[in-house]
Amino acid sequence: MIDFTQPTPVLLSEERQITETRRELVLNMGPQHPSTHGVLRVRLTLEGEMVVACDPVIGYLHRGVEKLGESHRYAQIVPWTDRTDYVAAPSNNLGYVLAVEKLCGIEAPERAQYWRMIMAELARIASHLVWLGTHALDIGALSVSLYTFRDRELILDIFEKFCGARLTTNMMEIGGFSRQIPPALPEMVRDFCRYLPKAIREYEDLLTENPIWLARTKGVGIVEPEIAISYSLTGACLRGSGVNYDVRKAMPYLLYDRIDFAVPLGTHGDVYDRYLVRVEEMRQSIRIIEQCLDQVPADGPLMAYESNYVIPPHERVMTTAEDMQRHFIWVIKGFSPPKGEVYHAVEHSKGELGYYIVSDGSPIPYRMRIRSPDFVNLQSLPYMAQGAMLADVVALIGTIDIVLGSVDR
Amino acid sequence: MSDEQQAPVPALRPREPWQTGYWGPTNPDEHPAVIAVRQRFAEAFEEAVTFRDEMTIRVKREALREVVAFLRDHPELRYNHLTDLTAVDMLNLRDEPRFDVVVQLYSIPRRQRLRVKCGVNDGETVPSLVPLFAGANWLERECYDMFGIVFEGHPDLRRILLPDDWDEGHPLRKEYPLRGYRDYVQPGFERPAPRVRGSLPRPRP
């Protein structure tokens with residue numbers, strides 16, 4: 001067992017060890033570096049071109065979402081969750097509304113749950129497309145990003161068709177969806193599902209057997225399974241090391257237990273395996289979306305209106321007295337969940353996204369904690385970068401798949 | 001770790017939406033982790049609470065590391081994944097202890113979660129979990145940054161999200177005002193934004 005309180009010894013080659021004067025150079029990478037995916041700063045200690053120590057400095061995008069959560073009513077926090085991980089906003093909404101629904105003890109109708117799954121999987125594909133484009137761009141394959149951003153537009157068009165927004169969608173609501181599914185939307189999603197596998201083959205043609213890509217990614221940033229578990233990694237970073245943990249399979253939420261899909265696993269735990277895992281995840285997401293579209297009821301309720309925690313529908317507010325009173329209270333005061341604490345995790349595109357909410361019985365959460373996957377995954381960067389080359393650090397930051405809005409919250 | 005070693009997925013579509021079985025038995029007297037911890041740490045064990053089927057074990061803060069190490073290394077429990085470590089400021093809810101340090105554990109082979117809590121007052125220290133889980137490093141640093149809880153045995157306890165020279169205290173404490181203690185002039189504005197909503201200063205032409 002490795003003692004993690006001690007700094008990891010750096011394996012230097014022999015002639016480097018016998019050098020009497022080690023000439024170390026401290027290099028700041030970021031916060032405005034194009035390959036750090038935002039405002040990440042990495043303080044690198046270099047010896048020649050080899051990384052001796054690596055210290056990620058974060059917090060440049062810290063907006064205090066958790067503190068803001070303690071001063072907003074439950075339904076008002078949903079837009080804040082968009083702003084944490086803005087490339088996969090529906091997944092963030094999903095984690096939060098599921099945690100609040102668990103706290104309140106309500107459940108969205110079946111049709112809404114299917115559409116939530118569809119939107120979350122589309123968000124996963126969109127996030128992976130951004131990741132693939134920027135990761136390849138960092139390593140030097142410029143053309144991939146043109147392809148992936150082209151296809152991400154199609155997903156954003158679907159989001160726009162559904163809720164009017166493209167990036168910060170504010171899509172999910174506590175209890176389901178209050179907006180209707182546009183009649184053309186299922187066919188749009190189906191068209192996208194028919195199209196994307198062809199596009200994924202294009203990306204793979206560009207990368208998977210590309211000798212430059214292989215040289216830059218194979219054997220780089222190896223994380224052994226035990227180390228990955230010890231670093232609390234989740235998502236593709238953990239599965240790339242061969243540990244089978246996917247929240248959708250291990251603890252199915254929504255209706256994932258009715259869906260047939262596979263969890264891709266890596267074998268070596270290097271950058272290349274994590275790339276393969278994420279590309280395969282996109283294909284599995286397509287499978288999930290297609291099954292959801294087959295199974296989803298054509299019509300039916302989209303919101304759990306029978307619950308007291310949900311804002312009543314407009315037509316009932318206008319016709320019945322008690323619903324008008326409920327609507328009034330809901331808007332003026334918000335709703336008060338029971339006292340207690342819940343933790344709910346969803347499989348975000350980056351890993352396990354968990355919301356831990358403590359309620360004191362008031363309409364404002366007493367504590368709202370976001371367990372963001374990127375924050376936890378990013379701390380394995382010093383481990384991966386020990387003894388690596390400077391150019392590999394760019395590949396390592398890319399392979400962790402961070403969004404600084406989610407790291408800093 | 002292959003599929004054969006893992007426990008089967010719990011039964012489909014339970015009665016209530018939150019009754020998932022992902023946290024083990026709901027009765028603390030039947031929960032294997034509660035039984036084992038109560039037996040092994042008779043003095044440090046305080047209580048076991050269930051809400052929405054989520055099992056929470058509360059222990060004394062001195063024993064936190066031993067309890068988590070016991071849960072991790074126990075051959076039948078194997079809570080080997082530290083999902084989350086955070087804290088809650090309980091200032092408005094009780095007199096003391098002031099904070100709750102909340103550790104979310106997960107067992108990858110058994111597919112079960114568990115929450116371990118310990119209470120800590122301002123100025124007291126909590127044993128760090130970094131010797132057990134490397135992933136506790138940044139989570140504890142964030143906890144220190146936001147609440148000022150000191151983790152004893154942490155190799156590198158300094159601020160992480162806020163600047164290193166932040167001298168205004170710890171923002172997730174309940175007495176910390178939402179907009180901070182100080183007024184800051186924003187770029188493009190002549191005077192600081194007022195704390196009361198309404199009359200925002202005009203931007204300079």
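Guide: Strands here are DSSP runs of E with at least two residues, and helices are runs of H or I with at least four residues, each numbered from the N terminus; two strands pair if DSSP finds at least two bridges between them. This is a predicted model, in which local features need pLDDT of at least 70 and side-chain atom pairs count only at pLDDT 80 or more, while totals for chains, interfaces and linings use all residues. Residues are numbered from 1 along each chain as its sequence is written, and chains are lettered from A and ligands numbered from 1 in the order in which they are written.

Within this pair of strands, Gln104(B) has Arg115(B) in S5(B) as its bridge partner. The hairpin of S4(B) and S5(B) has four residues between the strands, and there Arg111(B) takes a positive phi near 55 degrees.

On its other pairing, S4(B) meets S3(B) in the antiparallel sense, over eight bridges. Asp89(B) has Phe99(B) of S4(B) as its bridge partner, and His81(B) stands opposite Tyr106(B) in S4(B).

Strand S4 (residues 99-107) of chain B is largely enclosed by the rest of the structure, because nine of its nine residues are buried (buried means that 20 or more other C-beta atoms, placed from the backbone, lie within 10 Å of the residue's own). In a regular strand the side chains alternate between the two faces of the sheet. In S4(B), Phe99(B), Val101(B), Val103(B), Leu105(B) and Ser107(B) point one way, whereas Asp100(B), Val102(B), Gln104(B) and Tyr106(B) point the other way, and all are buried.

Seen as a whole, the sheet is open and has five strands in the order S1-S2-S5-S4-S3 (chain B), with mixed pairing. Strand S1 (45-51) and S3 of chain B stand at the edges with a single partner strand each, so one side of each is left without a neighbour in the sheet. Direction ignored, neighbouring strands of this sheet are turned by 20 degrees against each other on average, the angles being taken between lines fitted to C-alpha atoms, for helices over the stretch in contact, and running from 0 to 180 degrees between N-to-C directions.

Helices also pack here. Helix H2 (residues 64-73) of chain B touches strand S2 (54-59), S4 and S5 of chain B, and its direction makes about 170 degrees with that of S5(B). H3(B), in turn, lies across S3 and S4 of chain B and runs at about 5 degrees to S3(B).

As for confidence, chain B averages a pLDDT of 83, and 86% of the residues score at least 70, on the predictor's scale from 0 to 100 for each residue. For the complex, the predictor gives an ipTM of 0.85 and a pTM of 0.86.

How values were computed: A residue is buried if 20 or more other C-beta atoms lie within 10 Å of its own, exposed if 12 or fewer, and partly exposed in between; C-beta atoms are placed from the backbone. Two residues are in contact if their C-beta atoms, placed from the backbone, lie within 7 Å.
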